[in-house]
Protein chains: 2
Amino acid sequence: MPMTQTSEAIRDAIRDAIIDRRLTPGTKLSEADVGKLFHVSRTLARAALQALSYEGLVTVEKNRGAFVAQPSPEEARQLFAARRLLEPVILSEAASKLEEAHSHHLKALLQEEGRLRNEHGQIARRAEIKASGDLHLALAQIAGNAVLTRFMEELVARSSLVIAVYGQSAISSCGHSEHHDIVEALEKRDLAQATALMLHHIDHIEADLDLTPKSGSNLRDVFGG
Amino acid sequence: MPMTQTSEAIRDAIRDAIIDRRLTPGTKLSEADVGKLFHVSRTLARAALQALSYEGLVTVEKNRGAFVAQPSPEEARQLFAARRLLEPVILSEAASKLEEAHSHHLKALLQEEGRLRNEHGQIARRAEIKASGDLHLALAQIAGNAVLTRFMEELVARSSLVIAVYGQSAISSCGHSEHHDIVEALEKRDLAQATALMLHHIDHIEADLDLTPKSGSNLRDVFGG
DNA sequence: CCAAACCAGATTGTATACGATTTGAGCAGG
DNA sequence: CCTGCTCAAATCGTATACAATCTGGTTTGG
């Protein structure tokens with residue numbers, strides 16, 4: 001299907017597939033297979049996989065190959081801890097720079113998210129997962145710091161992976177209304193309220209996770225052989 | 001000189017050289033040259049350069065090659081803005097987790113920094129630059145979040161690049177006493193004071209920068225050709 | 001029958017080959 | 001003398017080749 005050629009395009013395509021869970025954690029990503037799929041040589045496939053490993057979405061084991069990452073419970077905890085620390089900061093920056101155009105954009109994202117929520121089927125579910133992350137990224141963009149935005153992109157992407165591994169409820173994009181309330185508080189310039197709601201929101205997402213080590217997991221993953 | 005073989009080792013060696021300014025911004029890093037220098041093929045040299053570009057230390061221009069990054073004034077501003085937002089958070093986390101062993105480590109770093117300050121010669125200056133960054137990194141490690149630590153590593157490394165381009169005073173590792181005071185406040189569990197000192201410290205570093213666009217800059221860099 | 005060595009297939013690690021693009025020098029025309 | 005073209009050297013982009021490593025099944029000795 002893909003007519004892509006550059007390693008960046010391949011990286012983006014695989015990243016999207018990981019984020020909306022068409023590729024599940026632990027899946028082997030052989031260089032030859034990726035190359036064939038995108039009609040390029042192993043060289044470019046390898047470059048794309050290496051890029052994804054820098055983003056923490058893929059783990060490469062020497063002489064064994066690349067796999068969609070399976071974050072450990074500890075990694076998951078640290079990831080959400082980082083989000084709890086970073087997102088309030090981003091919210092604060094975003095609040096101080098919020099303008100009319102930003103509000104429109106946020107409202108449009110919320111509306112799209114709500115629309116997807118009422119649709120059925122896996123395609124809609126995947127789009128909803130992505131839309132949910134996009135709202136957090138939109139806030140980072142409003143904050144207007146390219147460095148922070150990149151950090152949030154990594155956090156959101158890896159969070160999707162964590163939810164794929166440890167999420168319990170079928171769809172844990174969780175409170176759409178929570179997103180709505182956060183944006184509402186932000187527009188009212190009520191930073192304290194927005195921050196409180198954001199932390200609550202992250203708590204909710206993490207509460208849906210079961211971070212007790214899975215019993216049926218791969219022995220190699222357990223012992224890191 | 002280097003007997004390294006893996007692309008990771010090459011990446012680390014080049015990163016160190018960039019951070020302590022043996023490699024200055026704008027320097028061309030040709031794949032063939034890097035490969036020859038480390039006795040590997042272009043394949044591994046290229047992988048190392050690509051890794052560094054993900055860290056923001058190297059920019060690769062299509063069909064032209066890799067160069068030590070020259071952050072723009074705007075990038076520099078955003079970088080320090082991000083530090084002003086992140087470091088207080090890290091300080092707060094570090095304060096809540098500070099133990100005896102951590103204090104010893106911090107004191108040792110301060111002492112080493114002071115020792116280097118009293119030495120002369122370029123080698124000592126470079127070591128001092130690195131030591132200065134190491135203190136900020138040590139604080140991140142005490143905070144105990146691997147994600148935040150990685151973010152700080154990137155920020156500190158890129159900051160060194162910014163100082164190399166825009167720093168005015170010969171040696172802008174700046175207040176050694178400032179580092180000392182921050183650690184002191186931290187050990188007294190005076191988070192407010194430690195945070196204030198940290199922000200002050202970052203202000204001082206940034207105050208030493210001249211972020212007005214350089215006149216003699218490369219036309220290609222100006223217009224991004 | 002079981003355990004350990006072994007071999008074949010598959011996959012990654014690294015180097016090299018070759019085409020494509022850029023760049024700067026030299027030359028021809030104005 | 002200046003402008004613009006041509007071309008060769010250098011460098012990057014990508015594919016391919018071959019060596020090293022891992023894996024799983026088979027054989028062999030007990």
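Tutor: Let's start with strands: they are DSSP runs of E with at least two residues, helices are runs of H or I with at least four residues, and both are numbered from the N terminus. Two strands pair if DSSP finds at least two bridges between them. This is a predicted model, where local features need pLDDT of at least 70 and side-chain atom pairs count only at pLDDT 80 or more, while totals for chains, interfaces and linings use all residues. Residues are numbered from 1 along each chain as written, chains are lettered from A and ligands numbered from 1 in the order written, and side-chain values use heavy atoms, without hydrogens or water.

Student: Which residue is the bridge partner of Lys28(B) in S3(B)?
Tutor: Phe67(B) is that partner. S1(B) and strand S3 (residues 65-68) of chain B run antiparallel, paired over two bridges.

Student: What is the strand order of the open sheet in chain B?
Tutor: In general, strands of a sheet pair through backbone hydrogen bonds, either parallel or antiparallel. Here the order is S1-S3-S2, with antiparallel pairing. Strand S1 (28-29) and strand S2 (58-61) of chain B sit at the edges, each pairing on one side only. Chain A also has an open antiparallel sheet of three strands in the order S1-S3-S2. In chain A, Leu29(A) stands opposite Ala66(A) in S3(A).

Student: How many residues does each chain bring to the contact?
Tutor: Contact means heavy atoms within 4.5 Å. Chain A brings 23 residues and chain B brings 23 residues. The area buried between them is about 2,000 Å², 61% of it from carbon and sulfur atoms; buried area is the accessible area (1.4 Å probe) that two parts lose on being put together, summed over both. On the chain A side, Tyr54(A), Leu85(A) and Phe151(A) lose the most area to chain B, together 29% of what that side buries.

Student: How many salt bridges are counted between chain A and chain B?
Tutor: A salt bridge needs a side-chain nitrogen of Lys or Arg within 4 Å of a carboxyl oxygen of Asp or Glu. The count is two, and one of them joins Glu154(A) and Arg150(B) at 2.2 Å, N to O.

Student: And how do I read an aromatic pair?
Tutor: Use the distance of the ring centres and the angle of the planes. Rings of Phe, Tyr and Trp (its six-membered ring) pair if their centres lie within 6.5 Å; planes under 30 degrees apart are stacked, over 60 edge-to-face, and the rest tilted. The structure holds two aromatic pairs over all chains. One of them, Tyr54(A) with Tyr54(B), is tilted, at 5.0 Å centre to centre and 45° between the planes.
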